[in-house]
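Trainee: Please take a close look at the aromatic pairs and the residues around them.

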Amino acid sequence: MVRTCQTSRPRRMRLGDCLATALVAAACAGLPSVGTAQTSALGPKPPWRPFIDPMGGWVHSRWYLLLIVLALFVSISYKAVRMKDLKHYWREVGKMTLQIVAAMVLLGIASSVIVLKFAPMVAR
Amino acid sequence: MPTDTPTAVPAPQPSGVRPEQTPGSTPAGPGQPALRPESGSSDAENMLQPVAALLAFAFPGMGHVFLGHTRRGVLILAGILGLFLSGLLIGGIDAIDREEDFFWFIGQSLVGPATFGVNYVHQHHFKAFDQSTFNSVRSTRELATSHQRRAARPNEVRVIGQKELLDDRSSTRQVVSIPYFKLANPNLPDQFPPNLRGLGRAKELGTLFCAVAGFMNLIALIDASYHRRAPRRQPTRPRTPKAVA
């Protein structure tokens with residue numbers, strides 16, 4: 001099944017339009033092709049072999065979700081090293097994960113504001 | 001009327017520390033048990049812990065387990081191995097490649113022997129020579145120096161061929177097994193490459209996860225190197241058997 005997703009792009013893209021486009025693109029992204037062998041132009045494609053082949057299509061479209069996993073594992077190992085008392089360990093891990101994710105979201109918003117707002121102003 | 005005789009003023013103690021809990025103190029009074037100084041409370045044991053550092057490099061978290069911090073070591077192990085295995089799951093075995101991603105491999109190698117093992121398997125069991133190399137090579141030195149192994153293309157299969165080569169050291173001819181890639185036959189089943197190359201986000205994130213795992217293990221290694229030993233547990237008092245009614 002072929003999924004198509006076309007979004008019209010206005011001449012001057014605002015920040016809200018950009019976010020909406022990203023959400024629609026993420027929703028229209030294809031599911032990973034795993035389980036059975038497929039045939040492509042280069043020949044038969046093997047089924048996905050975990051830890052040997054890279055993951056399928058959804059990683060390319062929803063890669064930002066993996067940053068949450070990254071932040072979680074970094075928090076687990078960092079808090080295990082840094083905390084003197086492991087009494088409230090998992091609460092601290094959750095707090096640090098949220099802080100990292102929130103910081104990344106804010107940095108992403110700030111970067112998009114710079115690229116979409118300030119850079120065109122400077123270019124004029 | 002004030003007197004000049006000095007009065008005994010107790011020495012200030014850190015908050016939360018009872019006077020009898022100070023390291024190396026004598027029994028607080030008659031009838032109280034003698035306090036055993038904590039293992040690792042002396043300055044000598046706060047110095048570098050080379051065995052813990054080596055163990056932390058050999059396997060993530062083992063340095064802390066060696067020092068008696070078992071739960072801390074297990075949590076460090078879970079975090080670092082979680083990152084490392086997630087990286088392999090996302091990017092495949094191509095996420096660790098000493099030949100093609102050398103600078104990333106430096107960071108990944110901080111995880112320990114696991115990275116070197118995965119890299120060895122990748123280089124020797126997944127990569128292979130070109131078929132033209134297999135056809136043209138004449139000596140073992142030529143095979144070892146002038147040609148590099150490479151990853152498979154999507155339409156290739158990995159086969160191991162036998163070829164008689166000239167051994168430069170002993171000047172004799174010997175049969176050598178040489179892995180090489182040849183074009184897959186689409187009419188035959190299981191004509192697949194040994195692994196698919198990681199591209200785009202999967203490659204980036206897989207490599208990044210493994211490298212971050214290495215740097216987190218570096219933090220754990222430094223912490224284990226200068227970590228104080230966990231206090232030994234006091235021997236528990238043996239329970240008295242219940243009186244038989």
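Mentor: Buried means under 20% relative accessible area, exposed over 50%, and partly exposed in between, with a 1.4 Å probe and protein chains only. This is a predicted model, in which local features need pLDDT of at least 70 and side-chain atom pairs count only at pLDDT 80 or more, while totals for chains, interfaces and linings use all residues. Residues are numbered from 1 along each chain as its sequence is written, chains are lettered from A and ligands numbered from 1 in the order in which they are written, and side-chain values use heavy atoms, with hydrogens and water left out.

Over all chains there are five aromatic pairs (rings of Phe, Tyr and Trp, the last by its six-membered ring, with centres within 6.5 Å; planes under 30 degrees apart are stacked, over 60 edge-to-face, the rest tilted). One of them joins Phe102(B) and Phe103(B), with centres 5.7 Å apart and planes at 70 degrees, so the pair is edge-to-face. Phe103(B) is exposed at 71% relative accessible area, and Phe102(B) is partly exposed at 39%. Phe105(B) and Phe116(B) also form an edge-to-face pair, because their planes stand at 85 degrees, with the centres 5.6 Å apart. Phe105(B) belongs to helix α4 (residues 102–108) and Phe116(B) to helix α5, both of chain B, so this pair ties together parts 11 residues apart in sequence (helices are DSSP runs of H or I, at least four residues, numbered from the N terminus). Phe105(B) is buried at 4%, whereas Phe116(B) is partly exposed at 41%.

Helix α5 (residues 113–125) of chain B also holds Asn119(B), which is buried at 8% relative accessibility. Beyond neighbours within four places in sequence, Asn119(B) is in contact with residues including Phe105(B) (contact: heavy atoms within 4.5 Å).

Definitions and conventions
Helices (H or I, at least four residues) and strands (E, at least two) are DSSP runs, numbered from the N terminus.
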